[in-house]
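Please read the points below alongside the sequence and the model.

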Amino acid sequence: MPVVPSKHKAPFYLFNGHLQTIIPGLFRTVEGVLYERERLNTPDNDFLDVDWSRIGSKELVILSHGLEGDSSRPYIQGMVKVFNNSGIDALAWNYRSCSGEPNKLLRSYHLGASDDLDFVVRHALSTGHYESIYLVGFSAGGNISLKYLGEAPEQVPEEVKRAAVFSVPVDIKSSAKQISRIYTQRFLKSLGEKLEQKRQMYPDDVDLNDYSILWTFPEFDDRYTAPLHGFKNAEDYYARVSSKQFLKHIQIPTLLVNAKNDPFLGKLCYPIQEAKQNPYLYLEMPDDGGHVGFTEDFRKDFYYSEARAVRFLLEGK
């Protein structure tokens, strides 16, 4: 599909992409979401913690969070709440080491961990409760979702009907270079704390000497993400897991919303040609939104991303 027009407009008091990113992330609270946690034992003898919010529906939305996020983040809980209010069950899964407890293996999670998403989808279907499944992903979770849908579309269960993703670094190398040091250092601090846990578990495999001198994601990914997850280096990692290359193969209606003022996304993260060539891919590029922001009235807790996801996934618009 060609690029679709966007109706999103940020409130006047959030007048740039940084404010649209930071304010909702720091100050939003979501009331009324009650989770039931389930621990899933993975085929490689590890575990994933998933959080259910059930209302007795035959339909389910599966939500994938962003880098260093989890199921408690306001953007996840806000989406859970709006789908529950629309009559849909929700499952928010936490990536390995993102549920408050380090995972067992040396590997953790990365932006291409579509095997774990597939495991979660198939677990949900194994309950026998669901006739339709929808996918929602944010940032890293959006990349995982798009990669999952496009890398082997013939293997995606037929119950997976539609997907909507937001603020997605579909070209990870481009984004790794774009993101500012301010944001990078925040992420590297959190990732470093998890690596310290890994170092205690695997002292011969994790070397944190000089970790404090790392300034960029390419440096971090070259030293840790790539070797710990079976990639040659950062370049190999970015090339193999970036979802942009898989967009042409997606075979279910999928909405990708990337704001033009997103401070995390590089120029290659707006796949206009791919959208024009794939009738299942809908690309929306609002002027405003920031990164995983999309608030239209912060004081009334109204978010365009939530209304847009419901409209696209449930109404097909």
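1. Buried means under 20% relative accessible area, exposed over 50% and partly exposed in between, with a 1.4 Å probe and protein chains only. By that scale Cys269 counts as buried because its relative accessibility is 0%, and Cys98, at 6%, counts as buried too. The structure holds 0 disulfides, a disulfide being a pair of cysteine sulfur atoms within 2.5 Å.

2. This is a predicted model, in which local features need pLDDT of at least 70 and side-chain atom pairs count only at pLDDT 80 or more, while totals for chains, interfaces and linings use all residues. Residues are numbered from 1 along each chain as its sequence is written, and side-chain values use heavy atoms, with hydrogens and water left out.

3. Helix α2 (residues 74–85) and helix α10 (residues 304–315) have axes that come within 10 Å and cross at roughly 45 degrees. Contact, meaning heavy atoms within 4.5 Å, is made by residues including Tyr75, Met79 and Phe83 of α2 and Ala309, Val310 and Leu313 of α10.

4. Asn45 has a positive phi of about 65 degrees although it is not a glycine, and this residue sits in the loop between β1 (36–41) and β2 (47–53), where Asn45 is exposed at a relative accessible area of 57%. Asp210, likewise not a glycine, has a positive phi near 65 degrees; Asp210 lies in the loop between α6 (181–201) and α7 (217–228) and counts as exposed at 52% relative accessibility. Helices (H or I, at least four residues) and strands (E, at least two) are DSSP runs, numbered from the N terminus.

Terms used: Axes are lines fitted to C-alpha atoms, for helices over the stretch in contact, and angles run from 0 to 180 degrees between N-to-C directions.
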